[in-house]
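Open the model in a viewer with selection by chain and residue number. The tour below gives one selection at a time and says what is there.

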Amino acid sequence: MIGRRKRQIIKTISLYLVNTLLGLLFLIPLLWMIASSFKPEQNIFRDMSSISAFIPTDFTLDNYRQAFERVPLLKYIANSIIYISITLMMSLTFNSLCAYALAKFKFRGKQFVLSLIIALMVFPFESIVVPLFIIITKMNLLDTRWALILPFTARCFSIFLFRQFFLDVPDELLEAAAIDGSNRLHSFFAVVLPISGPVFATVFILDFVMHWSDFIWPLIVLIEDSKRTVQIGIQAFFTDPPIYYGPIMAALTIVVIPMIVLFLIFQKYYVQGISTTGLKG
Amino acid sequence: MRKKSALLLVLLLAGIAAIFASGSEESTESGVKNLTVWRPQNTAEIEGWWSEMLEGFNEKYAGTYHVEQVTFPKGGSQGYEDKINTAVIAGSLPDLILVDGPAVATYAEAGIIIPMDEMITEESKADLLDSTLKQGSYDGKLYTLPLWESSVAIYYNKDILAEAGITVPERLEDAWTWDEFYEVVKALTTSEHYGCTMHTNSGQITYYYSPMLVQNGTDLISADGSTTKGYLDTEETVEFLTWLKRLYDEKLVNIEPTPTEFFDGKSAMLFSTCYQIATLQSTYPDLNWGVTYYPVSNDHVAGTPTGSWTIGITNKASDPEAAFVFADYMTNTEANMTGCPASGYLPPRKSSSEALTQYQEEPYKKFMEQLAETGVPRPRTPVWTVLNPTFGSVVTDVIMGADPYEKLAEAVEKIDSDYQMNYAD
Amino acid sequence: MKNAISLKRNCFDIVPYLFIAPALLVLASFIILPVIMAVRYSFYNFNMLRPDRISLIGVENYKNIITDDLFLTAIGNTFRYAFILVPIEVVVAFGLALLVNNSIRGISIYRIAYFSPMLTSMTVVSILWTFIYNPTPGQGLLNSFLANIGLAPCPFLRSADTALNSIVAMSVWQSAGNYMMIFLAGLQGVSTELYEAADIDGAGWWRKMRSITIPSLHNVFVFIVLMTTIAAMKMFTQSFVMTQGGPDNSTMTIVYYVYQQGLQFRNIGYASAASVIFFFIVLLLSTAIKKFVDSER
């Protein structure tokens, strides 16, 4: 038994070792980004071939000042949050209602709708950007906030996740509500919603992270600087000479912060979400 | 959960409030003509000049005209042009737009900008430098007016060149040939510094290098702008590409130059526009530098880059006459007097070139000389939007080792088929 | 659906349709309608800046496109990207999942470390790695490191031979953590009884891996392979931010090609034909996914 214990200890130690090494390897680019954002431009280059690349030598906030001077970073972040919030407010409603009907109601054409949604789940958005661009143009929505919102107010994958959850809601609950005489919309809000917190949180965080990273669509439909999303804003900053490392690193660091905050709040649901993706999807 | 839902709700409500709050932006005073101009963002100096000019204009014409500007970060490959195109489709163009010289033809051909011939005075038109008049015209009509002009020359670090025992040409006719330039760059390259800093930013490549094709007896595209076959895909172009590639292959030039390597003494020379003068004078007063001419072909044929931002009136201008008043205000001699020095670019008019005496002296003198004597405007063709990035990537690809013949054949195919598809009769 | 709430049978029930209407309306107008339009435009010569010249040209666009070397290059690159990326990504993600599938103290910190690149968006990552991949030692982090250990600098994004592979490496780094989480959930679902039985049989680590772990995760593997493949087929952001499709078109992907033709050069008809072909390529792959989903039911 002592041998086994020893082996266990060796195993644990080696796990820590390997994990620490690999973990550092994964963090190196991010550490470099953060450290570089806090040091003068020439230090970034000077320190590059030594360990001080990851230490903010001659600490300064000047890069942040420059970044904020050159681009309205907070405006971009606010824009992204506004678009995503409105999109999600609508999409959570639409998707959950649709999923609820597909899970709990009987109606003609249901099977068709269900297979349609499953078929569209893996549909590549990229293959319709060109005609979608024309549609948005014809709707007079180009360069408006709605162009970033409307097309994403329904998402097959979210409908699917919601439906998985609603299928498990016991019918007795709903029947009780029906006997009370409340209509189905009311019983959805009064009975189902209160117990659906987890699935809403999951869909919310998955969609939020996805839309936060959206790139090709906002790149196409937005014109004015004041409407730009975070990703488009920093990409433009990155290509606008003169290209100095420091201020760009500062901008990147700032842009990452909202995601980290959100992740820390919703960590559990996020992990749950991507896990169920694999197991049920 | 309750806390999180509350947080969510607050976020959502804030979002809605914001989206609707910013809905109404414009308020119009009665009787005042409102104008809007779009332009790409530029250096702090140029931004400052624009603000002052707009203020001046709105004051001068208070009660008659009022102009607002919308600026776009340049960003992305041709970000600003993409935005103009998007606005064309959306039908949301403003009254005036800034147009980069070579794009004039594309916009004129598509009817996006309108001719100014009937509004401009003969006097004002005659005052424009030849190259700028050519740049703003398409099909015999004048479409845009230049804010300023530009040229490219070689900045050199006097200390490094003195150490290496190299002297620079002081007269236009003595400018280094391609071969001489190569030898100089080679002699100047040490472990301490590169021989020269050159641009590989693909959006700028056509501007920097296309005159070299003209020097060598060819061009990017035929004079009528309809075909690149027999122009772009020639031995002459390959010669240029091979010459340029050699500088990179032998590591005489930094493949990914930093913005400050010349200023920091990490590079002996800098191949750039007149704009750098202002930076050098204000930020690097200790650097001992000079300027010499853009290289000429080995047969001593000269040809130098020209062109810059111009202002045009769009087909959506509600009152073209009013728009012209503003276009003229921004580009007349008086505007040049403040705009050119502020931007660091060159005066585009004969009158302002004379009045601005600093441009007759070093270091600007050499740029002005080139502009007047050897300026080659970029080609005027409606397929400029395809030609520009395509030529840019040919140059970068060849530098990285691609076969020049293959890349040029590919480019010709891409550009000519776009012309055939959209512009051929 | 035996348990669905019983309804009055005698009249048409409209309520379920009201529930699904908003979502379906959106899907119809912003996915299905564009698909139809893409197919329609693909038979037209249509440039956005020249709406006066729109004309029906039959299959001309398709003819031109399948003989366009650049499009073929784009398809080749996209498949190459997928074929290199997918195996590496799956192996790395699975390996990481094995490493963090235990309950040693502080393991969640390691999980977050592996996962953290996922929280930075692809745009941020692409910008950051353009600096990391800078070809000059002293300007790029990786080349400075190579120079430190005495190796020659690698051009990374600046050479047609290495650009696509460099993007693969970065993309694996960015998203391996995400798939690791999916694997981890799968691993935690494998019944411990199986392992205990194997322990009694005296089975070694490799035996258990081969005859218990991997077979139990079969579906997860298939799912991840398909998801990573489809994600790889859609690659755009990295090429757009880091290389603009170059050098020598080595990072030109199908989506980039569609973007360039349709939204930069504004040839809507031509780009639509490319989109339709792209759609069919992905359709083949997603049919595989659907089969997998069905087989699981």
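In which sense do strand β7 of chain B and β9(B) pair, and over how many bridges? Strand β7 (residues 152-157) of chain B pairs with β9(B) in the antiparallel sense, over four bridges. Before going further, note that this is a predicted model, in which local features need pLDDT of at least 70, side-chain atom pairs count only at pLDDT 80 or more, and totals for chains, interfaces and linings use all residues. Residues are numbered from 1 along each chain as its sequence is written, and chains are lettered from A and ligands numbered from 1 in the order in which they are written.

**The sheet in chain B**

The strands belong to an open sheet of three, in the order β8-β7-β9 (chain B), with antiparallel pairing. β8 (269-273) and β9 (289-292) of chain B stand at the edges with a single partner strand each, so one side of each has no neighbour in the sheet. From one strand to the next the twist averages 30 degrees. Strands pair here if DSSP finds at least two bridges between them; helices (H or I, at least four residues) and strands (E, at least two) are DSSP runs, numbered from the N terminus.

Colour chain B by domain: domain 1 is 33-150 + 307-376 and domain 2 is 152-305 + 380-422, with bounds that come from an automatic or database domain assignment. Taken over C-alpha atoms, the centres of domain 1 of chain B and domain 2 of chain B are separated by 26 Å. The contact takes 25 residues from domain 1 of chain B and 25 residues from domain 2 of chain B; residues are in contact if their C-beta atoms, placed from the backbone, lie within 7 Å.

On the domain 1 side of chain B, select α4 (103-109), α15 (364-374) and β12 (375-376), the elements that give two or more residues to the side touching domain 2 of chain B. α15(B) supplies the largest share, seven residues. That side of domain 1 of chain B divides into eleven nonpolar, eight polar and six charged residues. In this classification Ala, Val, Leu, Ile, Met, Phe, Trp, Tyr, Cys and Pro count as nonpolar, Asp, Glu, Lys and Arg as charged, and the others, Gly among them, as polar.

Next select Pro363(B), in the loop between α14 (350-355) and α15 of chain B. The peptide bond from Glu362(B) to Pro363(B) is cis, with omega near -5 degrees.

**A helix pair in chain B**

Select helix α10 (residues 235-249) of chain B together with α16(B): their axes come within 9 Å and cross at roughly 50 degrees. Axes are lines fitted to C-alpha atoms, for helices over the stretch in contact, and angles run from 0 to 180 degrees between N-to-C directions. That angle makes α10(B) oblique to α16(B); angles under 35 degrees count as roughly parallel, over 145 as roughly antiparallel, 65 to 115 as roughly perpendicular and the rest as oblique. Show the side chains of Leu241(B), Leu244(B), Lys245(B) and Tyr248(B) on α10(B), and of Val395(B), Val398(B) and Ile399(B) on α16(B), which make the contact. By class, this contact has six nonpolar, no polar and one charged residues.

Which elements of chain B meet chain C? The contact takes 24 residues from chain B and 23 residues from chain C. On the chain B side, α3 (79-90), α16 (384-399) and α17 (404-422) each supply at least two residues.

Now show chains C and A, where the contact takes 80 residues from chain C and 77 residues from chain A. Helix α1 (residues 15-41) of chain C gives the largest share of the chain C side, 18 residues. By class, the side of chain C that touches chain A has 59 nonpolar, 18 polar and three charged residues.

**Helix α8 in chain A**

Finish with helix α8 (residues 156-167) and helix α11 (residues 197-212) of chain A, whose axes come within 10 Å and cross at roughly 165 degrees. α8(A) is therefore roughly antiparallel to α11(A).

The contact is made by Ile117(A), Ile118(A) and Leu120(A) of α5(A) and Cys156(A), Ile159(A) and Phe160(A) of α8(A).

Terms used: Two residues are in contact if their C-beta atoms, placed from the backbone, lie within 7 Å.
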